[in-house]
Amino acid sequence: MASNGGEEKSRVAAGYGGGGYGYGGYEGRDDRKWWPWLVPTVIVACIAVFIVEMYVNNCPKHGSALGGCVAGFLRRFSFQPLRENPLLGPSSATLQKMGALDWNKVVHQHQGWRLISCIWLHAGLIHLVVNMLSLLFIGIRLEQQFGFVRIGAIYLLSGFGGSVLSALFLRNNYISVGASGALFGLLGSMLSELIMNWTIYSNKAAAIITLLFIIAINLAIGILPHADNFAHIGGFVTGFLLGFVLLARPQFSWMERHELPQTNQPPKYKAYQYVLWVVAFVLLLVGFVVSLVMLFKGKNGNDGCHWCHYLNCVPTSKWKCNT
């Protein structure tokens with residue numbers, strides 16, 4: 001679903017502003033458009049990792065009690081039975097072996113590296129395609145606007161933040177994989193960037209309503225079974241705060257400073273931008289410290305929040321959440 005959101009957001013970016021490539025109608029004389037190379041590299045890396053997953057999985061050799069391998073003509077790269085993995089991918093055992101997020105292994109076996117490795121793994125071909133299309137639509141435009149350093153930092157830190165929150169609420173015997181937390185971080189940074197640079201945009205109301213709608217739909221999808229909404233929420237909050245820290249734009253009058261007298265030079269940023277930067281940085285730092293301390297002390301978020309599991313999955317007559 002994030003794929004549709006990214007595509008729609010791209011149309012918003014192109015549509016509002018008549019000629020500018022920033023959403024909401026921003027078009028600055030000194031604004032630089034970067035050549036995007038990091039996002040395509042991440043996409044290629046995730047595809048390569050998935051190929052390795054299937055090579056290690058080797059369904060014909062290891063077999064499954066739930067039926068025969070899917071797409072057997074792929075031989076070693078064939079998929080687990082649909083009853084075991086409906087996303088067309090490897091077994092849970094393979095994902096664990098490759099570095100899936102597992103609360104017990106992170107906390108009790110000191111495998112904190114899984115908080116990063118799980119971002120590069122995908123549960124199946126369908127999972128991979130949806131996430132990579134989302135990254136393509138959302139990430140390319142952001143990298144064009146802000147460059148690979150800032151967008152790369154948001155992507156990785158948001159993925160890490162999503163993994164931390166997911167691990168805090170991940171129940172025993174459950175694993176989590178995927179780049180969804182990092183992708184939600186990019187969505188969150190788009191929202192905070194719009195707020196941070198509010199005064200330099202036109203058509204801002206339409207842009208923010210559209211973006212909030214996209215975010216709400218994506219989070220709503222996360223309450224379905226087999227989706228890790230805690231990773232989505234953790235990634236979104238991390239990206240939202242990072243957007244304030246990394247994506248501030250100079251005010252328009254500063255970019256036109258060469259046309260003003262030297263004695264009347266405007267400041268680069270407005271006062272509210274500095275305030276938002278400080279608040280977001282402090283919240284980000286405190287949030288990471290508190291969450292990591294709780295995680296490695298073995299705390300389980302479900303113990304102190306008995307309703308939080310509804311943020312991840314809402315049971316109905318059509319499905320159960322304990323599968």
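Predicted model: local features only at pLDDT ≥ 70, side-chain atom pairs only at ≥ 80, totals over all residues.
Residues are numbered from 1 along each chain as its sequence is written, and side-chain values use heavy atoms, with hydrogens and water left out.

Let's start with the big picture. The protein chain has 13 helices and 2 strands; helices (H or I, at least four residues) and strands (E, at least two) are DSSP runs, numbered from the N terminus. Of its 323 residues, 47% count as buried, where buried means under 20% relative accessible area, exposed means over 50%, and partly exposed is in between (1.4 Å probe, protein chains only). Now look at contacts, meaning heavy atoms within 4.5 Å. Among contacts with a separation of 6 or more, 73% join residues 24 or more positions apart.

Next, the record. UniProt, in an unreviewed entry, places the feature "transmembrane region" at several stretches, including residues 119-140, 147-169 and 230-248; such annotations may be inferred rather than shown by experiment. In the model, residues 230-248 are 89% helix and 0% strand, with end C-alpha atoms 27 Å apart. Residues 119-140 are 73% helix and 0% strand, and their end C-alpha atoms are 19 Å apart.

Finally, the rings. Rings of Phe, Tyr and Trp (its six-membered ring) pair if their centres lie within 6.5 Å; planes under 30 degrees apart are stacked, over 60 edge-to-face, and the rest tilted. That rule gives 8 aromatic pairs. One of them is Phe236 with Phe240, stacked at 6.2 Å centre to centre and 15 degrees between the planes. These two sit 4 residues apart in helix H10 (residues 229-246), so about one helical turn separates them. Phe236 counts as buried at 15% relative accessibility, whereas Phe240, at 22%, is partly exposed. Trp277 and Phe281 are stacked too, at 5.4 Å centre to centre and 5 degrees between the planes. Both lie in helix H12 (residues 271-296), 4 residues apart. Back in the Phe group, ring pairs link Phe236, Phe240 and Phe244 into a cluster.
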